[in-house]
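This briefing goes through one structure by topic. The sequence and the coordinates are shown first, and the notes follow.

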Amino acid sequence: MAVAVADEAATRRGERGDGEGKAAAGDAGAAFVLESKGTWWHAGFHLTTAMVGPAVLSLPYALRGIGWALGLATLTALAAVSFYTYYAMSRVLDHCEAAGRRHIRFRDLAADVLGSGWAFYLMVAVQGAINVGVTIGSILLAGNSLQIMYSSLVPDGPLKLYHFIIAVASVLALLSQMPSFHSLRYINLGSLVLSVGYTILVSAACIRAGLSSNAPAKDYSLSTSKSEKTFDAFLSVSILAAAFGNGILPEIQATLVPPAAGKMVKALVINYSVAFFTFYPLAITGYWAFGQTVQSNAIQSLMPNAGPSLAPRWLLCLTVVLVLFQLLAIALLYAQVVYEVMEKRVADATRARFSWRNLLPRVAMRTLYVAVCAFVAAALPFFGEIVGVVGAVGYIPLDFILPVVMYNMVVSPPRRSVVYMTNVAIMVLFTGLGVIGAVASVRKLVLNAGRFKLFNDHVVK
């Protein structure tokens with residue numbers, strides 16, 4: 001199998017950068033799903049959807065574990081480091097493209113730089129887990145969003161969580177027939193607008209709740225137990241790091257019209273501008289309003305189990321609707337990598353994209369994939385806990401460690417240069433954070449295991 005991977009990598013090194021070259025090589029995944037037609041602002045829309053999602057609602061909870069000063073400092077440091085590592089990854093891709101090897105998949109880049117050994121297979125497994133995990137998690141949370149709205153309108157209604165998951169999966173299966181990553185550009189623009197919209201709504205609701213007479217007492221103290229404080233701190237860092245996770249930057253850069261050199265920097269500016277205006281307001285207002293009582297989802301903090309709601313019902317319903325729509329966009333985005341693998345195996349690049357030969361397998365395979373993800377979401381309504389573990393062991397290696405390792409290997413800055421030493425420092429620091437964060441995430445999973453039930457009617461939070 002290693003020989004096959006090496007041969008495949010060698011073939012990719014010789015591929016032309018245009019769609020015709022890929023089609024001629026029989027690469028239907030590249031020709032159909034990862035067609036290179038986008039502009040830098042389209043890439044900015046894709047990057048924003050990949051990063052700025054409902055995970056932002058957990059930022060106040062992350063601050064709960066480390067407090068004001070360290071929390072905001074960590075958020076800022078992770079923003080700066082992640083921007084740098086994404087820039088480094090883009091530079092590696094540009095460097096390879098200039099050398100005649102335009103890589104359009106993370107696994108292509110890994111095969112070229114890391115070879116076909118264990119590191120390559122580990123990277124492929126981690127990226128696959130992230131893509132599938134995000135799709136399942138998005139379906140689950142979207143179904144839960146529908147359930148929240150339904151319960152507020154029909155408190156004793158007969159519908160269960162799995163009914164809403166089926167409804168979400170049906171819509172997602174239909175939208176999944178959009179043929180390529182590039183065809184999602186305007187959906188992802190809408191996702192960008194949605195993320196800004198619900199962030200403004202939730203931040204405003206938190207300010208209102210914090211000023212309300214029904215607001216909980218504002219306690220910002222940390223745990224008195226040293227071990228508990230340590231685990232909370234590393235779990236918080238893992239949550240903050242996962243908030244900047246992407247894991248599919250090479251595939252997003254592949255959507256750009258070649259040459260891609262320099263375009264991703266502009267796209268990253270769009271991405272981080274949106275992140276700044278969404279992450280900080282919600283993290284600050286949510287933690288300020290609720291302190292140590294803040295829930296892992298800021299919306300849940302506004303809807304306490306006891307006492308009146310701390311935000312108007314219309315605002316909460318509108319927020320849930322915006323989150324629901326964006327979850328569909330996120331599921332579509334991360335599923336593209338899986339669809340690309342499918343089409344590479346079953347589609348015929350020498351036939352038209354919408355020919356019966358390619359259309360029928362596409363509809364069948366994509367619908368089956370969504371159905372399987374929906375089944376897992378319904379069977380494991382505590383999947384968010386598992387995604388937390390995947391984030392700790394997935395996003396940190398792919399987004400913080402591999403980019404700087406590959407930069408030192410491909411661009412080869414002098415070993416005593418500031419860039420080289422900075423990259424080594426990032427690699428060492430985030431390797432340690434990833435390991436400890438994974439332990440903290442697994443610990444939380446074990447502590448909550450007693451609440452997990454198959455096909456439960458409520459999502460474990």
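Does Glu35 count as buried or exposed? At 9% relative accessibility, Glu35 counts as buried, since the cut-off for buried is under 20% relative accessible area. The model is a predicted one, and the chain has 18 helices and zero strands.

**Chain and confidence**

- The mean pLDDT of the chain is 86, with 89% of its residues at 70 or more.
- Confidence is highest in α4, at 96, and lowest in helix α2 (residues 19-24), where the mean is 39.
- Over residues 1-24 pLDDT stays under 50, and for this stretch the model has 35 contacts beyond four places in sequence.
- The chain has 461 residues, of which 54% count as buried.
- Among contacts in the chain with a separation of 6 or more, 84% are between residues 24 or more positions apart.

**Surroundings of Glu35**

- Glu35 sits in the loop between α3 (28-33) and α4 (40-51).
- The side chain of Glu35 is joined to that of Arg353 by a polar contact of 2.7 Å.
- Beyond its neighbours within four places in sequence, Glu35 is in contact with Ala30, Ser180, His182, Ala254, Thr255 and Arg353.

**Arg185**

- Arg185 belongs to helix α10 (residues 185-211).
- A polar atom of the Arg185 side chain lies 2.9 Å from the backbone oxygen of His182; His182 is also one of the residues in contact with Glu35.
- Setting aside neighbours within four places in sequence, Arg185 is in contact with His42, Phe45 and His46.
- Arg185 and Gly38 are 147 residues apart in sequence, while their C-alpha atoms are 8.2 Å apart in space.

**Helix α5**

- Helix α5 (residues 59-66) is largely enclosed by the rest of the structure, because seven of its eight residues are buried.
- The buried residues are Leu59, Pro60, Tyr61, Ala62, Leu63, Gly65 and Ile66.
- The elements covering them include α6 (68-98), α11 (226-243), α13 (263-290), α14 (298-301) and α18 (418-447).

**Crossing of α8 and α16**

- Two packed helices are described by the distance between their axes and the angle between them.
- For helix α8 (residues 118-153) and helix α16 (residues 356-379), the axes come within 9 Å and cross at roughly 65°.
- This crossing of α8 and α16 is right-handed.
- On the α8 side the contact is made by Asn131, Val132, Thr135, Ile136, Ile139 and Leu140; on the α16 side it is made by Tyr369, Val370, Cys373, Ala374, Val376 and Ala377.
- The contact of α8 with α16 has 10 nonpolar residues, two polar ones and no charged ones.

**Backbone details in loops**

- Pro258 and Pro259 are joined by a cis peptide bond, with omega at about 0°.
- Pro259 is placed in the loop between α12 (249-254) and α13.
- Ser412, a residue other than glycine, has a positive phi near 55°.
- Ser412 lies in the loop between α17 (383-410) and α18.
- With a relative accessible area of 47%, Ser412 is partly exposed, because the partly exposed class lies between the limits of 20% for buried and 50% for exposed.

Terms used
Residues are numbered from 1 along each chain as its sequence is written. This is a predicted model: local features need pLDDT of at least 70, side-chain atom pairs count only at pLDDT 80 or more; totals for chains, interfaces and linings use all residues. Side-chain values use heavy atoms; hydrogens and water are left out. Helices (H or I, at least four residues) and strands (E, at least two) are DSSP runs, numbered from the N terminus. Buried means under 20% relative accessible area, exposed over 50%, partly exposed in between (1.4 Å probe, protein chains only). A polar contact is a pair of N or O atoms within 3.5 Å; within protein, one must be able to donate a hydrogen and the other to accept it, and residues adjacent in sequence count only if both atoms are side-chain atoms. Contact means heavy atoms within 4.5 Å. Axes are lines fitted to C-alpha atoms, for helices over the stretch in contact, and angles run from 0 to 180 degrees between N-to-C directions. A crossing is left-handed if the near helix is turned anticlockwise from the far one by less than a right angle, and right-handed if clockwise. Ala, Val, Leu, Ile, Met, Phe, Trp, Tyr, Cys and Pro count as nonpolar, Asp, Glu, Lys and Arg as charged, and the others, Gly among them, as polar. pLDDT is the predictor's confidence in each residue, from 0 to 100.
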